[in-house]
Amino acid sequence: MSATVSVTIPTPRGPEPLTVAYRRVGTGEPLLLLHGIGHHRQAWDPVIPVLATERDVIAVDLPGCGGSAPLPAGLAHDLPTTTAVLAALCETLEIGRPHVAGNSLGGLLALELGREQRVRSVTALSPAGFWTRAERRYAFGVLKGMRVGARLIPRPAVERLARSVVGRAMLTSTIYARPGRRSPEAVVAETLALARAEGFDEILRAGREVRFTDPLPGVPVTVAWGSGDRLLVPRQGIRATYVIPRARLVRLPGCGHVPMNDDPALVARVLLDGSR
């Protein structure tokens, strides 16, 4: 089901409520799904039907994204604040220490939750935080360009572009290796989500010095990288295994930065294996 829930988070003024939107479906051990910067929970839709056969799947809109409310004034869009929101969500939904999977920023958040020992396992798809400074500048520059484009193109023009394979490639080929497989409706929705995402620039500013350096002892970790990732290049996956020596590295042939739509069957299998 799709729903919203109010979670209580600490602020400089004391505890305050925050509305978080999520979709929950399936049975089994809980699996929390976290999307990337400027995206929304619908990025996981291609893999949810398979995951739900074996897991209690909770796909979340991060604060300020999709149907979730922005963070209260005075709170930074950074890793500590967002992981605190996710921890409060898990407590409110009474799912204890779930398995967690994330893509891009969501992958970094999943690893942070693992570092805090809040989860049973981590599966990170092209996670942020394993870049060189030059790679990070390149990725942030591309993301800023995507954001500007999403905000400048009028919705009727986005809808016209999304009707054709070429148009969908123009809008989404940076993150998908096979953009033609994305439905026109999904492309319109995620372009609007990118344009409307609260805290986008602040997240990028907070990410300038982010490098993940914790080996995550005691938490099973799977890192998966698309061979066609044009945003965070695949060699960053090798670096991740140096930082987390016990991590399992999985290659996703023919997949881009957001691989769930490029090869749903493969990605679902990786997520289920990672959460066993």
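Mentor: Let's begin with Cys 90, which is buried at a relative accessible area of 9% (buried means under 20%, exposed over 50%, partly exposed in between, with a 1.4 Å probe and protein chains only). Keep in mind that this is a predicted model, where local features need pLDDT of at least 70 and side-chain atom pairs count only at pLDDT 80 or more, while totals for chains, interfaces and linings use all residues. Residues are numbered from 1 along each chain as its sequence is written, and side-chain values use heavy atoms, with hydrogens and water left out.

Now for bonding partners. A disulfide is a covalent bond between the sulfur atoms of two cysteines; here the test is a pair of cysteine sulfurs within 2.5 Å. The closest cysteine sulfur to that of Cys 90 belongs to Cys 65 and is 17 Å away, so it is too far for a bond. The disulfide count by this rule is zero. Cys 255 is buried too, with a relative accessible area of 0%.

On to the sheet. Helices (H or I, at least four residues) and strands (E, at least two) are DSSP runs, numbered from the N terminus, and two strands pair if DSSP finds at least two bridges between them. Eight strands make an open, mixed sheet in the order E1-E2-E4-E3-E5-E6-E7-E8. Its edges are E1 (2-9) and E8 (248-252), each pairing on one side only. E3 (29-34) runs parallel to E5 (99-103), joined by four bridges, with Leu 32 opposite Val 100 in E5.

Helix H10 (264-274) packs on this sheet, touching E3, E4, E5, E6, E7 and E8 (contact means heavy atoms within 4.5 Å). The direction of H10 makes about 170 degrees with that of E8; axes are lines fitted to C-alpha atoms, for helices over the stretch in contact, with angles from 0 to 180 degrees between N-to-C directions.

The loop between E8 and H10 holds Asn 261, which is buried at 10%. Its side chain makes a polar contact with that of Arg 182, at 3.3 Å (N or O atoms within 3.5 Å; within protein, one must be able to donate a hydrogen and the other to accept it, and residues adjacent in sequence count only if both atoms are side-chain atoms). Beyond its neighbours within four places in sequence, Asn 261 contacts Pro 46, Tyr 176, Arg 178, Arg 181 and Arg 182.
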